[in-house]
Amino acid sequence: MLSQPISATFDIGDGRIATIETGKLARQADGAVTVRQGNCIILATVVANKEPKEGQDFFPLSVDYTEKFASAGRIPGSFFKREARLNDYEILTSRLIDRALRPLFPEDYLCDVQVLVTLVSSDAEIMPDSLACLAASAALAVSDIPIKEIISEVRIAKLNGGFIINPTRSQLTETTLDFIVAATEKNLMMVEGQAKECSEEELVEALELAHTAIRKQIKAQEELRDKVGIKEKRDYKKPLHKEELQQMVNNAAKDKIYQISRSGSAKAERSAAYDALKEELVASLGEEALPEDKKLVKKYFEDLKWEVVRNMILDDQVRLDGRKLDEVRPLAMEIDPLPTPHGSALFTRGETQSLTTVTLGTPLDELLVESAAKSDYTKFILHYNFPPFSTGEVKMMRGPGRREVGHGALAMRSLKQMMPGSDYPYTVRVVSDILESNGSSSMATVCAGSLALMDAGVPIPKHVSGVAMGLITRPSDNKNAILTDILGDEDHLGDMDFKVTGTREGICGVQMDIKVDGLSMETMRQALEQARKGRLHILDAMYNCVSAAREDVKPHAPRMVKIFIDKEFIGAVIGPGGKIIQEIQRETGATINIEEVGSQGEVSIFSPAKEGLEKALSWIKGIVAMPEVGETYESTVKSVMPYGAFVEFMPGKQGLLHISEVSWKRLESMDGVLSEGDKVKVKLIGLDAKTGKFKLSRKALMPKPEMNKPQNGNNAAS
């Protein structure tokens with residue numbers, strides 16, 4: 001017999017009620033809940049192994065968010081008609097949950113944990129990604145899996161000058177700011193989103209309002225947990241620890257790690273020195289040392305390095321590469337390094353380098369973005385590639401991982417804020433290949449992408465740059481250090497890392513992960529202001545490289561133009577069975593795409609040659625142009641009849657040149673007068689009221705002959 005479900009409700013805002021329920025579905029999972037708002041229902045389950053795997057030395061958390069197409073009454077469009085690998089939207093939502101949940105688990109908890117979040121019922125207006133992390137956290141809250149705190153996640157957007165929590169799908173199309181924020185009762189944990197050049201103060205205000213809304217959701221989870229009655233979290237096996245080994249490592253390596261860290265050497269040299277010291281410590285144990293002791297020494301070495309470098313930065317105000325805290329690494333950039341792509345740029349910042357290309361395509365190249373609730377097309381695509389050689393490693397080359405998808409999405413959202421509107425005819429694909437990486441390759445992608453777009457002649461009005469920031473804190477003496485343009489090592493050892501992109505006027509994108517308790521909004525403001533200065537420094541260098549987009553695309557780039565025609569002319573351009581449009585494409589070499597947009601037809605003409613584009617454009621304009629009575633046209637004879645000739649005087653428009661209008665001289669027949677294919681100039685003299693056919697005249701363009709004057713009889717007699 002099914003047990004009675006237990007639920008808790010809360011008001012998202014404006015009277016919108018959401019319900020969290022447990023005890024009805026997936027009862028063999030360690031924790032399972034559903035979250036419902038409107039018709040949107042999300043099922044979240046969490047299961048953890050009781051014991052860690054033998055030799056496990058990291059926390060194996062896996063988070064997967066999936067959308068069942070049946071949730072929206074749809075069948076997947078794939079060949080197998082079933083859900084396959086996660087799409088990019090599902091991966092990005094999974095990352096949002098993962099990044100928020102991961103810091104909640106104890107540092108010494110190494111058991112496998114699997115969080116599965118599934119959209120089982122879809123609502124056309126409710127965005128499920130803003131409820132997914134709430135569901136995952138609630139499933140953990142009602143389980144006995146050890147977590148330190150309850151969290152939740154909301155979307156905050158700015159609409160018509162005011163902020164709104166969890167806007168509808170329709171409202172999102174009109175917003176100027178859109179962020180997903182995760183937090184505990186006291187602290188922000190994660191921020192991700194985009195804005196149309198918002199100010200730093202606007203961002204802080206949005207975060208504060210989002211945190212207030214999150215606290216309501218945390219209270220609802222606590223209420224549900226208390227109703228369920230699970231109080232004690234399970235005990236778990238702690239990792240092996242040997243105090244004497246840790247002390248040996250600290251005594252032997254602390255000063256040496258400090259010397260290496262203060263050397264200001266390059267990444268490869270610094271890593272080699274760290275590795276040599278680590279191996280020296282392992283070797284000091286002797287050949288008969290236990291494998292577990294060797295493993296512990298390596299762990300204690302990394303822990304000590306983390307502590308030493310953090311203290312060096314806080315106390316000496318010196319970074320691993322010798323820079324000041326607010327200093328950006330040396331910049332080098334160029335546009336058009338590759339001759340064939342439609343646009344390209346090479347951007348280097350320190351030991352991070354992106355080679356980025358831009359390809360211009362037709363509307364037929366648009367990307368279908370499919371989710372359970374809707375399918376849509378996008379004309380702006382950005383792909384980010386991170387090959388192993390960029391970090392001097394050897395790895396299997398597989399498809400893009402979650403990291404690549406996440407970094408690419410951040411760069412795409414940032415650059416999209418400056419992309420031209422829907423009337424821009426091209427589909428644009430940006431590809432960033434990371435050739436070197438030591439910190440913030442996603443921000444290098446934003447900078448290189450902006451440069452390459454301008455090189456390609458895409459009319460973006462401003463450059464967008466990005467900088468990755470770090471924060472190191474020491475609560476014992478309230479010291480903190482904000483780092484501009486962080487290295488890979490600094491990313492690992494910091495308490496917060498956040499990436500901010502934008503123009504000179506404001507922020508376009510943010511990705512932030514916070515790992516420290518009690519981060520004040522004042523510290524956040526300081527970090528954002530330092531990020532702004534770093535962003536402006538990089539923008540100055542980018543404008544020195546190229547100050548504005550090319551006025552035209554490159555000579556070898558495809559040409560494209562878009563025009564709008566009256567809906568009634570779509571059939572005339574296409575012709576019966578596609579005859580006319582096929583003829584235009586065949587004769588001009590252009591590709592033509594026609595779509596119905598409201599009361600108009602959107603015609604996109606794409607051609608590799610300028611001449612073909614102009615010919616196709618002129619042809620179509622001729623078809624849709626309205627003939628004017630009294631105008632003169634150059635026409636072509638299409639057929640000859642006994643009573644006259646049918647001539648095409650405009651593309652797709654024919655009229656009758658009646659035998660009586662061919663010449664001022666009376667003609668008995670058309671034999672020998674006109675032949676098919678002849679060019680003849682005609683004048684439109686009228687429109688037959690009954691048939692709607694055009695009436696043409698040739699003789700109206702000829703001089704009218706004078707009549708013979710009668711002779712005067714008197715003159716003849718004389």
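**Note on salt bridges, sheets and a cavity**

1. Glu-668 and Arg-666 form a salt bridge through their side chains, with an N to O distance of 3.6 Å. Both residues of this pair, Glu-668 and Arg-666, are exposed. The model is a predicted one, and the distance should be read with that in mind.

2. Across the structure there are 51 salt bridges.

3. Where in the chain do the partners Lys-554 and Asp-455 sit? Their side chains meet in a salt bridge at 2.7 Å, N to O. The pair joins distant parts of the chain, the two residues being 99 residues apart. Lys-554 belongs to the loop between helix H11 (521-545) and strand S22 (559-566), while Asp-455 lies in helix H9 (residues 441-455). Both Lys-554 and Asp-455 are buried, whereas Glu-668 and Arg-666 of point 1 are exposed.

4. Asp-552 and Arg-559 also meet in a salt bridge through their side chains, here at 2.6 Å from N to O. Are the two residues buried or exposed? Asp-552 has a relative accessible area of 42% and is therefore partly exposed. Arg-559 has a relative accessibility of 14%, so this residue counts as buried; the cut-off for buried is under 20%.

5. Salt bridges also occur as a network. Which residues are linked in it? They are Asp-321, Arg-323, Arg-329, Arg-349 and Asp-485.

6. S22 is joined to strand S24 (residues 600-607) by 8 bridges, and the two run antiparallel. Within this pairing, Phe-564 stands opposite Glu-602 in S24.

7. How many strands form the open sheet that contains S1? There are 6, in the order S1-S2-S3-S4-S6-S5, and the pairing is mixed. Its edge strands are strand S1 (6-13) and strand S5 (61-67), each of which pairs on one side only. Neighbouring strands are turned against each other by 15° on average, with direction ignored. S1 pairs with S2 in the antiparallel sense, over 7 bridges, and Ala-8 stands opposite Ile-20 in S2.

8. The lining of the largest cavity is made up of Glu-21, Thr-22, Gly-23, Lys-24, Leu-25, Ala-32, Val-33, Thr-34 and Leu-43. Two elements give two or more residues to this lining, strand S2 (16-22) and strand S3 (31-37). S3 gives the most, with 3 residues. By class, the lining residues divide into 4 nonpolar, 3 polar and 2 charged.

9. Why can strand S18 (residues 465-474) be called largely enclosed by the rest of the structure? Of its 10 residues, 10 are buried, so the rest of the structure largely encloses the strand. Burial applies to residues pointing either way from S18. Ser-465, Val-467, Met-469, Leu-471 and Thr-473 point one way, and Gly-466, Ala-468, Gly-470, Ile-472 and Arg-474 point the other way. Arg-474 is thus a buried residue, as is Arg-559 of point 4.

10. S18 has antiparallel pairings with strand S20 (residues 496-502), over 7 bridges, and with strand S19 (residues 479-484), over 6 bridges. Gly-470 takes part in both pairings: this residue stands opposite Asp-497 in S20, and in S19 the bridge partner of Gly-470 is Leu-483. Gly-470 is itself buried.

11. What do S18 and S19 form together? They form a hairpin, with 4 residues between the two strands.

Technical notes: Residues numbered from 1 in each chain as written. Predicted model: local features only at pLDDT ≥ 70, side-chain atom pairs only at ≥ 80, totals over all residues. Heavy atoms only, no water. Salt bridge = Lys/Arg side-chain N within 4 Å of Asp/Glu carboxyl O. Buried < 20%, exposed > 50% of the residue type's maximum accessible area, 1.4 Å probe, protein only. 1 Å grid on protein atoms, 1.4 Å probe; cavity = no way out; pocket = protein on both sides within 12 Å on 5 of 7 lines; lining within 4 Å. Nonpolar A, V, L, I, M, F, W, Y, C, P; charged D, E, K, R; others polar. Pairing = 2+ DSSP bridges. Axes fitted to C-alpha atoms, helices over the stretch in contact; angles between N-to-C directions.
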